[in-house]
Amino acid sequence: MTQINRLGGGLVNQGQTLSFTFNGKQMQGHPGDTLASALLANGQLLVGRSFKYHRPRGIFTAGSEEPNALVHLRSGAHQEPNTRATVAELFDGLTATSQNHRGSLEFDLMATTDLLAPFLSAGFYYKTFMWPRAFWEKLYEPAIRMSAGLGRLSMQEDPDTYDKGYLHCDLLVIGAGPAGLGAALAAARSGARVILADEDFAPGGRLNAETLEIDGMAGRDWAAATIAELAAMDNVRLMTRTTVYGAYDHGTYGALERCTDHLANSGGKPRQILWRIYSKRAVLAAGATERPIAFGNNDRPGIMLAGAVRTYVNRYGVTPGQRMAVFTNNDDGWRTAADLAAKGVEVCAIIDTRDAPAVCDVPGARHIRNAGVVNTVGRKALRAITLTDGQVIPCDGLAVSGGWNPNVHLTCHQRGRPEWNESISAFVPAGDLPPGMAVAGAANGALTLGAALEQGRNVANAQIEDLGFTPSRDTPPRAEDEPHTGAPVWHIAASTKRAWLDLQNDVTVKDVKQSYREGFRSVEHMKRYTTLGMATDQGKTANIPALAIMAECTGKTIPETGTTMFRPPYTPVPLGALAGRARGREFRPYRLTPSHEWAKANGATFVEVGNWLRAQWFVRPGEKGWRDSVDREALQTRQTVGICDVTTLGKIDVQGRDAAAFLNKIYANGFAKLAVGRVRYGIMLREDGICYDDGTTARMSENHYVMTTTTANAVLVYRRMEFARQCLWPDMDVHLISTTDGWAQFAVAGPNSRKLLQKVVDPDHDLSNEGFPFMACGEVTVCGGTPARLFRISFSGEMAFEIAVPARYGNAMMGVLMEAGREFNAVPYGTEALGVMRIEKGHAAGNELDGRTTAYNLGLGRMVSSAKDCIGNTLSRRPEMNLPDAVKLVGFRPVDRTKKLIAGAHFISEGKEATMANDEGWISSVAYSPTLGHSIGLGFIKSGDTRIGEVVRAVSPVHKTEMRVEIVSPHFIDPEGERLRG
Amino acid sequence: MADFTLTATPPLAGYNRSFGSVSLKAPANLAIVSIALPLGGEAEAEKAIKSAFGIDLPEIGLFNAAQGETSMLMRLGSDLAFVLFPCETPDAEPRVAKKLKGAAYTTDQTDVWCALEISGTGSLAALERICMLDLHPDAFKVNAVARTVMEHMGAIIARTGEDTYLLLSASSSAKSFLHAIELSIENTA
């Protein structure tokens, strides 16, 4: 196909040809084209089918507001649906396919839907598919989804990469049209740091689409010269192909930069970047969007906004048709006719709704006053229009201009409400704009070139003066103000055919009227009832005409009727860009224990614990399942000695003259009198008395403590302690710093733990029970002088130590401990065996400290000191939290020892119905005890400590099971603690 | 007693890679010790610091480096500073403590952090992808230091030269941190 609609000139490089395909058809265009301009150049007016009625649709605009020309761009896994052809930059090898049809684009089998239109008016599916109820999910919804919709996903993983980044500036200028360029130039010349962002690949905005002049130069030349000047300045960052899509708090803006969308291949670089822009001030110069006039069958391919026609003619050197008509209610439409004629395109008629003289001379065009278009002819392409007086004018293109709406969207992102400006019949920014934002140019209602330039400059100067910059004294650019008067006409009432308001959602004037009749009169209700203004274009061309019609229905003014709320994003942002680089393995950071490499080489299976990867168990040859490994690790630890990397526990270095007093306030139990060289177990309460963490703290010297927290709460505890230090007790001399990552710490547990450590700890340290008893701590050296810390603490219930070395030695230390333990048949154990042993011992962990349990519930009530002031002890004494029948932590075992307990099961007394009212508690942790040879559990049950020996039912409605369980002591092994003191 | 030896394997040891306009390396044997100023004893502590390192304790958000010396003193908060210096042995903290003679509290931070030095004309563009701070030369001058977050990881950034930055982050997530920096460089190279 040749480019039958290509004219000369424009900003495309006609010296170079690019090949592309649309629905498999080979076509040609030029650098500087969009897919839309290239399709038009090739005479391809029909580009898609409409959302609901599968009506043939063409290209309606020349910008990001496009409701119709949505295509699948690229192919295979790279395919992206709903790409607006009007902003898709053409490249060699581009492939595009049309959307939403069954069969070919030309012969869409679903087009029969259009014949059913009388039955498918607004809200039909709210009424029609009510019965039978079960059919909605199974039948109706799938059927509707299949027949209606936009593009389709490739259903493959997106092979492109995305990134994000952060930028800072004094002034962010949004939009590089005349106002934006004027603003950026003024600010940049004053020395301010400026970011100028524009969604187009060719900055200049309407200057590229018009034939207006600035300072005696063609507007587009002035734009190019200005861009060149800005690009050469160190204090300016020029961002083309970048849409500022949202205004957020404190001058922060979201922007999407399309880096490689215009290239056939991204070359391994991110396709798009999501920027967070921190601005001190911003100028919104987002321009305006032309609005259509609604009339019968106004959706045919070949009908286009008049400003868009000028863009195609002047910027791309393309005409949408060979015999064009213009339908307008304002002066601006006349310029389309003039520009078409100047390019040699036949303009057969200018239909003006006003009874006014010609705005300018357009050779060959009939001027039809005080008239409107009521209908059009031509199914897949426009063939003729019918006017209010009945005359039919053959034409293959119709340019429609209903006036311009300022793009106020970003001014509303923090709930600003625009106000109606009668002189331009449009909403303009008003009220509370996002802090730091000012608006200039067409976005502010200054719809003429001279006014836009001047406003851009003045607004920018005011903004930077506010920041302390002195505006430059250069001569401002000047331009004439073009004629722009008009009279609002929203729809042609004489039309009897369906008149489309929202082309993307197939919403007609009739639908809005029906919405009114059925009581959905608020614009927000109307929007939801009719689906007006939804989907990818968010009603950029549809909203204002629709609410004008609602205003007509209600008899109110347009400002009384109001607008819907604009929210980010301004134009669609791909989910891939929002996800950015956080994908797959790098979805979030991961933390490795110091002995990770050793564990990996020794058969560890890893489990994610927060961000940590911890060894869960170590598989040995012949083991058939995880239980084999875990049972072996737990048994061998209890029989001889086991080693576990416990580095993940939080470690907080606490120093200061008031450290003891501080810890005494942080912990619920007493810490003031902890002796140097000793460790104490402690519990921490929230202010409301709930127990939120536990751990040990060692006093290394008079003013130096080392605290350990649970792995999960390491950050929380640190944060709360910093808050206490800085805000609650700033007069205390206390200093905190995390050392979690600094020390590789290993639990060495079991009857042979001392013997093992005696081989590793340098011999001048006494590890005997007398020299280093249970709950001792101290600084030691290992392996011939390496500094280490030793703690005599036990989570397993066995005689146990924890030894810490600088993390850099962690991997080696694990090897050394295993080597030293070889003669004792030492075993490495993972988190699962750790869990088994702590349940056997009856130690509470995260399952028990679940944010609902108090020290009283945990059986640790006596630890909460009433003799001191500490966080949480006052509210922990509330009577309701100390009732005699409160749940208490106890142990459980199945009456039938062959059965497996289920964590989460609830306790019901025997003979009672399993209802919420009879619920007495729950099982929090379960394990198979290899020591006892059956399933055991910890849990909470009312008055548990007084019910030892009682049998209750453990009911799990989720698993549809129940079993009889016996309440026992939580200490399944060594209840007297003889082993750990041994 | 068996003769056991511990070999140090810091997470990024020996890392050194060039990406065209950007170089990235892990400084070898960089010891870090935190210095906390006792409440009410700040003046004495500052005096002791000056005497110990020959440089003043800088203002918050800056670091000082002794002329011709490789050690640097970062002021991270009203009562917190880090001293960084080359040290091969695991005794950085006692060394500093000895110099300060009890005038401040010290904690060894060497193994808490991993360090990367990014340098070259493309550094700033790479850092824009992960560092939310304003690193414009006018806003973040040479000798500036700040605590921040990069890719969800806590980090410290110091501008040590015109195009050179020292980055510190948690040693346990060193691999994620390295990946984040490398990817930022690759994406902007």
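1. A residue is called buried here if 20 or more other C-beta atoms lie within 10 Å of its own, exposed if 12 or fewer do, and partly exposed in between, with C-beta atoms placed from the backbone. By that criterion, buried residues make up 55% of the 982 residues in chain A. This is a predicted model, in which local features need pLDDT of at least 70 and side-chain atom pairs count only at pLDDT 80 or more, whereas totals for chains, interfaces and linings use all residues. Residues are numbered from 1 along each chain as its sequence is written, and chains are lettered from A and ligands numbered from 1 in the order in which they are written.

2. On the overall build of chain A, the C-alpha atoms fill a box of roughly 110 × 70 × 55 Å, taken along the principal axes. Chain A has 21 helices and 50 strands, where helices (H or I, at least four residues) and strands (E, at least two) are DSSP runs numbered from the N terminus. With two residues taken to be in contact if their C-beta atoms, placed from the backbone, lie within 7 Å, residues 24 or more positions apart account for 67% of the contacts in chain A with a separation of 6 or more.

3. The contact between the chains takes 46 residues from chain A and 41 residues from chain B. On the side of chain B that touches chain A, the elements giving two or more residues are strand 3 (30–36), strand 7 (105–108) and helix 4 (174–188) of chain B, and helix 4 of chain B gives the most, with five residues. This side of chain B divides into 17 nonpolar, 15 polar and nine charged residues; Ala, Val, Leu, Ile, Met, Phe, Trp, Tyr, Cys and Pro count as nonpolar, Asp, Glu, Lys and Arg as charged, and the others, Gly among them, as polar.

4. A:Gln655 deserves a separate look. This residue belongs to strand 35 (residues 650–655) of chain A and counts as buried, with 24 C-beta neighbours inside 10 Å. Once its neighbours within four places in sequence are left aside, A:Gln655 is in contact with A:Asn703, A:His704, A:His735, B:Ala36 and B:Tyr105. Its C-alpha atom is separated by 9.9 Å from that of A:Met700, 45 residues apart along the chain.

5. A:His54, in the loop between strand 3 (48–49) and strand 4 (56–57) of chain A, has phi near 55°, a positive value in a residue other than glycine, and A:His54 is buried, with 22 other C-beta atoms within 10 Å. A:Thr531, which is not a glycine either, has a positive phi of about 70°; A:Thr531 lies in the loop between helix 10 (523–530) and helix 11 (543–554) of chain A and is buried, with 20 other C-beta atoms within 10 Å. The peptide bond from A:Pro568 to A:Pro569 is cis, with omega near 0°, and A:Pro569 is found in the loop between helix 12 (558–561) and helix 13 (575–579) of chain A.

6. Helix 6 (residues 306–315) and helix 7 (residues 331–342) of chain A have axes that come within 9 Å and cross at roughly 25°; axes are lines fitted to C-alpha atoms, for helices over the stretch in contact, and angles run from 0 to 180 degrees between N-to-C directions. The two helices are therefore roughly parallel to each other, given that angles under 35 degrees count as roughly parallel, over 145 as roughly antiparallel, 65 to 115 as roughly perpendicular and the rest as oblique. The residues of this contact divide into four nonpolar, three polar and four charged.

7. Helix 18 (residues 753–760) and helix 19 (residues 810–820) of chain A pack at an angle of about 120°, with their axes 9 Å apart, and are therefore oblique to each other. In this contact A:Leu756, A:Lys759 and A:Val760 of helix 18 meet A:Val816, A:Leu817 and A:Ala820 of helix 19, a set that divides into five nonpolar, no polar and one charged.

8. An open sheet of three strands in chain A has the order 21-22-23 with antiparallel pairing, two strands being paired if DSSP finds at least two bridges between them. Its edge strands are strand 21 (373–377) and strand 23 (392–394) of chain A. Strand 22 (residues 384–387) and strand 23 of chain A pair over three bridges, and the bridge partner of A:Ile385 in strand 23 is A:Ile393.
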